[in-house]
Amino acid sequence: MRARVIREPGFAGETDALLARIGPVEEITDHASLLAARADPADPGLAGAPDPAVRAADLYLPARGGPVLVRLYRTPGGPRPILLWLHGGAFIGGSVGDLDHVCSRLARLSGCAVASLEYRLAPEHPFPAALHDTCDAMRWLAEHGPVLGGDGRLAAGGQSAGANLVAAACLAGRDEGDPPPARQVLCYPLLDFGQDTDSAREFDGVFLSARPGWANAAYLAGREVTPYAAPLRAASLAGLPPALVIGAGRDPLRDDARAYAARLDAAGVDVTHVEYAGTMHAFLNFCGALSAGDHAIGLIAAELREAFGEP
């Protein structure tokens with residue numbers, strides 16, 4: 001395993017300032033509060049602006065639960081690899097609109113077209129609806145990507161709950177014999193529920209709580225927690241695609257990222273683990289305030305260029 005810890009004092013200072021600015025984050029505990037939170041758009045001053053050199057268009061892909069929206073970002077030019085990307089939001093919130101900066105910059109820097117997926121959310125659509133959307137989008141893009149200007153090559157990545165869905169879709173694809181994506185990119189992944197880890201105890205409430213709560217119950221809806229819901233519980237991680245795992249040092253989920261990267265490595269999967277020591281969960285959502293976000297975007301883009309043999 002290639003492991004790297006990024007200790008940039010400026011990143012920690014920016015995180016301190018942002019946490020002080022936004023104050024305590026209240027946990028969603030009911031559906032009315034959730035709907036209000038969903039209606040509140042991302043602040044461009046915090047999220048960052050879309051890259052003006054990148055074109056974006058919304059379209060729908062077929063899926064077993066009905067058509068699912070993707071926002072496709074690409075620069076002018078010929079066919080290229082496609083990167084499927086999934087936002088975070090604890091399986092109950094988040095939107096493609098939160099990540100216009102992230103996805104447009106990934107498209108600009110990686111040489112990929114980026115397909116940002118608007119997967120179904122709980123509690124209206126509990127597990128496994130979002131996973132089905134992810135698996136179906138992955139399969140459709142693998143088979144029909146040239147329709148969208150792809151060249152037949154595919155990678156998949158996501159943030160937090162979105163990283164969970166990518167990891168779970170890679171597990172499901174392995175188990176069902178699907179061709180794997182060239183890379184899985186897991187940013188501060190949520191990979192289990194009710195964790196009792198050092199990071200969950202030390203950083204609980206730093207932007208995120210890892211305690212069992214309303215969001216987890218809404219997503220699982222009383223169903224058994226299988227490895228397709230909690231990939232850290234998989235009996236084996238052998239045979240999965242090469243992975244880039246990005247963690248945040250001040251994150252209740254920090255140890256999930258460490259544990260999954262270590263298990264991938266032990267299973268013989270090629271893995272790179274990068275931890276941003278002074279940074280909080282969801283830092284890619286705040287590129288307007290946290291320069292660690294754009295640093296990570298550049299790192300992901302470089303990994304994808306290497307994976308696809310691009311200059």
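I began with the aromatic cluster, which is formed by Phe11, Tyr188, Tyr276 and Phe283. I was working on a predicted model, in which local features need pLDDT of at least 70 and side-chain atom pairs count only at pLDDT 80 or more, while totals for chains, interfaces and linings use all residues. Residues are numbered from 1 along each chain as its sequence is written, and side-chain values use heavy atoms, with hydrogens and water left out.

Aromatic pairs. I took rings of Phe, Tyr and Trp (its six-membered ring) as paired if their centres lie within 6.5 Å, with planes under 30 degrees apart counted as stacked, over 60 as edge-to-face and the rest as tilted. I got 8 aromatic pairs by this rule. I noted Phe91 and Tyr219 as stacked, because their ring centres are 3.7 Å apart and their planes stand at 10°. I placed Phe91 in the loop between strand S4 (80-86) and helix H4 (100-110), and Tyr219 in helix H8 (residues 214-220), 128 residues apart. Helices (H or I, at least four residues) and strands (E, at least two) are DSSP runs, numbered from the N terminus.

I then checked accessibility, where buried means under 20% relative accessible area, exposed over 50% and partly exposed in between (1.4 Å probe, protein chains only). Phe91 is buried at 2%, and Tyr219 is buried at 1%. I also found Tyr219 in an edge-to-face pair with Phe127, at 5.7 Å centre to centre and 70° between the planes. Phe127 lies in the loop between strand S5 (113-117) and helix H5 (129-144), so this pair ties Tyr219 in helix H8 to a part 92 residues apart in sequence. Phe127 is buried as well.

Salt bridges. I required a side-chain nitrogen of Lys or Arg within 4 Å of a carboxyl oxygen of Asp or Glu, and the structure holds 21 salt bridges. Asp51 meets Arg108 at 2.8 Å, N to O. I placed Asp51 in the loop between helix H3 (44-47) and strand S2 (55-61) and Arg108 in helix H4, 57 residues apart. Asp51 is buried at 5% relative accessibility, whereas Arg108 is partly exposed at 43%.

I looked next at Asp136 and Arg139, whose closest N and O atoms are 3.9 Å apart. They sit 3 residues apart in helix H5, about one helical turn. Asp136 is buried at 12% and Arg139 partly exposed at 24%.
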